[in-house]
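Hi,

Here is the structure I promised to pass on. Have a look at it first, and then read on for what turned up in it.

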Amino acid sequence: MAIRLPSIMHAKQILRRGSLFANRSASTSAVGVPKGFLAVYVGESEKKRYMVPISFLSKPSFQELLSKAEEEFGFDHPMGGLTIPCREEIFINLTSRLNDM
């Protein structure tokens, strides 16, 4: 299995750009979410806010994460936004692969 660093770096840039918007606003509000993006919280113990393109919502692997979030949290997300129950490294790996599609 080959690791494609340019696509991983591209995904991190997209996610990091979203993190900059998150730092300018309250972590539990929708303020600061750029058009075309969705704020999600990822992490096991400490949740980190990321912005993902809404185009990811149609991807089967991202829909799997959403199903896990539904199973674990239902419609009651403790962070006030969509919480995805997975490790941050897994989330970044998944989103880097989604950018290639």
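Before the strands, one term: two strands count as paired if DSSP finds at least two bridges between them. Keep in mind too that this is a predicted model.

**The overall layout**

The chain has three helices and three strands, and from the N terminus they come in the order α-β-β-α-β-α. Of the 101 residues in the chain, 36% are buried. The chain exposes about 6500 Å², with carbon and sulfur atoms supplying 56% of that. If you take the contacts between residues at least 6 apart in sequence, 53% of them join residues at least 24 apart.

**The strands**

Strand β1 covers residues 37-42 and pairs with β2 in the antiparallel sense, over six bridges. Together β1 and β2 make a hairpin with five residues between them. Glycine 43 sits in that turn and has a positive phi of about 140 degrees. If you want a pair to look for on screen, leucine 38 stands opposite valine 52 in β2.

β1 also has β3 as a partner: these two run parallel and are joined by three bridges. Here the pair to find is valine 42, which stands opposite isoleucine 84 in β3.

How enclosed is strand β2? Five of its six residues (48-53) are buried, so β2 is largely enclosed by the rest of the structure.

Leaving out residues up to four places away in sequence, valine 40 touches Lys48, Arg49, Tyr50, Val52, Leu82, Ile84 and Phe91. One of these, valine 52, is twelve residues from valine 40 in sequence, and their C-alpha atoms are 7.4 Å apart in space.

**Helix α2 and its two sides**

Helix α2 has 14 residues, 60-73. At 1.5 Å a residue it should span 20 Å, and its end C-alpha atoms are 20 Å apart, so the two agree.

Which residues of α2 are buried? They are Phe62, Leu65, Ala69 and Phe73. These four cover an arc of only 55 degrees around the axis, which puts them on the same side of α2.

What covers the buried residues of α2? The cover includes β2, β3 (82-84) and α3 (88-100). Leucine 65 gives you a close-up: apart from its neighbours within four places in sequence, leucine 65 is in contact with Ile84, Cys86, Phe91 and Leu94.

- Proline 60 and leucine 98 are 38 residues apart in sequence, with 9.7 Å between their C-alpha atoms.
- Leucine 66, also in α2, is partly exposed, with a relative accessible area of 23%. Not counting residues up to four places away in sequence, leucine 66 touches Leu57 and Leu82. The C-alpha atoms of leucine 66 and threonine 83 are separated by 8.8 Å, and the two residues are 17 apart along the chain.

Just after α2 comes glycine 74, with a positive phi of about 60 degrees.

**The core**

Last, the largest nonpolar core. It has 13 residues, and Val40, Val42, Phe62, Leu65, Ile84 and Phe91 are the ones that touch the most other members. β1, β2, α2 and α3 each supply at least two residues of this core, and α3 gives the most, with four. As a general point, nonpolar side chains tend to be buried together in soluble globular proteins.

Over to you!

Note on methods
Residues are numbered from 1 along each chain as its sequence is written. This is a predicted model: local features need pLDDT of at least 70, side-chain atom pairs count only at pLDDT 80 or more; totals for chains, interfaces and linings use all residues. Side-chain values use heavy atoms; hydrogens and water are left out. Buried means under 20% relative accessible area, exposed over 50%, partly exposed in between (1.4 Å probe, protein chains only). Contact means heavy atoms within 4.5 Å. Accessible areas come from the Shrake-Rupley method with a 1.4 Å probe; for residues, only the protein chains shown count as cover. The expected span of a helix is 1.5 Å times one less than its number of residues. The arc is that of the directions from the helix axis to the C-beta atoms. A nonpolar core is a set of buried Ala, Val, Leu, Ile, Met, Phe, Trp, Tyr and Cys residues joined through side-chain atoms within 4.5 Å.
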